[in-house]
Amino acid sequence: MNVTVLGAGTMGHGIAQVTAMAGHDVTIRDIEESILEDGVEAIERNLQGGVERDKLTQAEADAALDRIDTTTDLAGAVTDAAFVIEAVPEDLDLKRDTFTDVEEHVTDDTIIASNTSSLSMTAIADALEHPERAVGLHFFNPVHIMGLVEIIVAEQTSEDTLAAATDLVEEIDKEPVTVTDTAGFASSRLGVALGVEAIRMLEEGVASAEDIDQAMELGYNHPMGPLELTDVVGLDVRLDILEYLREELGERFKPPQTLKRKVRAGKLGKKSGEGFYVWEDGEIVGVSGDDDR
């Protein structure tokens, strides 16, 4: 099956990787060749890491890479696709525009999916002439490691679309959970609630960032603490989600001032080198000096 992924960033290249590893032909489309090159290089690193940890063979890694093509041409990327999965930035207008552009070039039975983590799937689907083909596929970072995909059912999503989306998720060796289209869905709403409370605790001097994170890692068996996870996701992404959830669900999702200040200062987490922690080469090397305690 031909699958197109729109966006070669963190989520896009991860979705492309696991889809190719499952035996599907994948085209990654982005607006610049340099972004595509970075995405493919990240896939190569992930696959090689899997080989070194005996998670897959070198032949399997090479075969997955061979199934991946890249392009900056939208029409060429989506024309023959059975599934198109957008992984563009978390902006409602951008996602709606992307859906509209895609629909101009695909067949009637192509399913168009969004990797939105919190935006209304119903509002995104409404941009289509045939919104019954739309569905949310919310992957988790890092995609090649995390086992969950949240399937978001818009008001317009047909039973056939839901069934096809569920089949795809299972084919790429992920576990689907199906949720109705409500603000924040299930995972983002709960995850952001935990993260925002951790930031408030840091502001109030309850504990250090390391101790707050360690409490959740050791006490609740979380793979990483809520502040480290905020750094990995991106402070700007978390801020956007909180502002949206505040509008939809009320003041309990009001963004903390610490988060706003860090975003204004360009301290966006792992991708910028500093958030609640200091990062070098993808690893934590220290704690931010302005944790506002």
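Domain bounds here come from an automatic or database domain assignment. On that basis, the protein chain has domain 1 (2–180) and domain 2 (186–287). Their centres, taken over C-alpha atoms, are separated by 26 Å. Nine residues from domain 1 and six residues from domain 2 make the contact, where contact means heavy atoms within 4.5 Å.

This is a predicted model, in which local features need pLDDT of at least 70, side-chain atom pairs count only at pLDDT 80 or more, and totals for chains, interfaces and linings use all residues. Residues are numbered from 1 along each chain as its sequence is written, and side-chain values use heavy atoms, with hydrogens and water left out.

**Between the domains**

The size of an interface is often given as the accessible area lost when the parts come together. Buried area is that loss for two parts (1.4 Å probe), summed over both. A salt bridge puts a side-chain nitrogen of Lys or Arg within 4 Å of a carboxyl oxygen of Asp or Glu.

| Domain 1 and domain 2 | Value |
|---|---|
| Buried area | about 690 Å² |
| Share on carbon and sulfur atoms | 55% |
| Salt bridges | zero |

Helices (H or I, at least four residues) and strands (E, at least two) are DSSP runs, numbered from the N terminus. Which peptide bond is cis? The bond from asparagine 141 to proline 142 is, with omega near 0°. Proline 142 sits in the loop between β6 (134–139) and β7 (148–153). Aspartate 54 belongs to the loop between α2 (33–52) and α3 (58–66). Aspartate 54 is not a glycine, yet its phi is positive, near 60°.
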